[in-house]
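User: Hi! Could you walk me through a structure I have just opened?
Analyst: Happy to, go ahead and show me.
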Amino acid sequence: MAGPIVRPAEQRDADGIGRVWVDAWRVGYRGLVPDAVLDSISLDHRQQQWRARLGGGDPGARTSVSVIGGEVVGYCRLALPSRDADAGAGATTAEVASIYVTTARRRTGIGHALLSTALDAMRADGWRRATLWVFVDNEAARRFYSRYGFAADGGREHDHGTGLDELRLRLALTGSPPRSPV
């Protein structure tokens, strides 16, 4: 069986991306993010945000999706350049702003396909470093990213919306890409 197909997101993918995000948060973050935060998430609001983003309201971003049977099952959004003032030279540091896969499709290679495609695109476009933010206590995500060579760089923030601490991970994009972690 061939791996998941990853392609650039289109306007018609906005509602599906919103569903992926809501599922990933409501189900995947249960027990990590406070229930009150998860219970307050609005699918309609998230879909409206994605319609605006994909309609041109997200300059400097690139979003890819994985689609199976016409359904968006995962996505990856890049911020080009990184939104962090202290992440390094802005013209050379990109950011993985978000990457999510529906909980029903986790551990099927979709996350790997999305992140590998994103890292390859960043390298091809000449970005020298990639950063991303992860909740400190999200051990599964930290293990996933470490398989690609991402490591904590000392950046830390407090996410006021969730009440959780985050740390920044960084990856050098120069040189050969790491071997497939799957």
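User: Which residue forms a salt bridge with Arg30?
Analyst: That is Asp39, with the closest N and O atoms 3.3 Å apart. A salt bridge here is a side-chain nitrogen of Lys or Arg within 4 Å of a carboxyl oxygen of Asp or Glu. Keep in mind that this is a predicted model, where local features need pLDDT of at least 70, side-chain atom pairs count only at pLDDT 80 or more, and totals for chains, interfaces and linings use all residues. Residues are numbered from 1 along each chain as its sequence is written, and side-chain values use heavy atoms, leaving out hydrogens and water.
User: Is Asp39 buried or exposed?
Analyst: Exposed, at 55% relative accessible area; buried means under 20%, exposed over 50% and partly exposed in between (1.4 Å probe, protein chains only). Arg30 is partly exposed, at 39%.
User: And what does Asp13 pair with?
Analyst: Arg7, with 2.7 Å between the closest N and O atoms. Asp13 is buried, with a relative accessible area of 4%.
User: How many salt bridges are there in the whole structure?
Analyst: The search finds 12. Asp84, Asp153, Arg168 and Arg170 are linked in a network of them.
User: Switching topic: which residues touch the most other members in the largest nonpolar core?
Analyst: Val96, Leu115, Leu119, Met122, Tyr145 and Phe150, out of 28 residues. Such a core is a set of buried Ala, Val, Leu, Ile, Met, Phe, Trp, Tyr and Cys residues joined through side-chain atoms within 4.5 Å.
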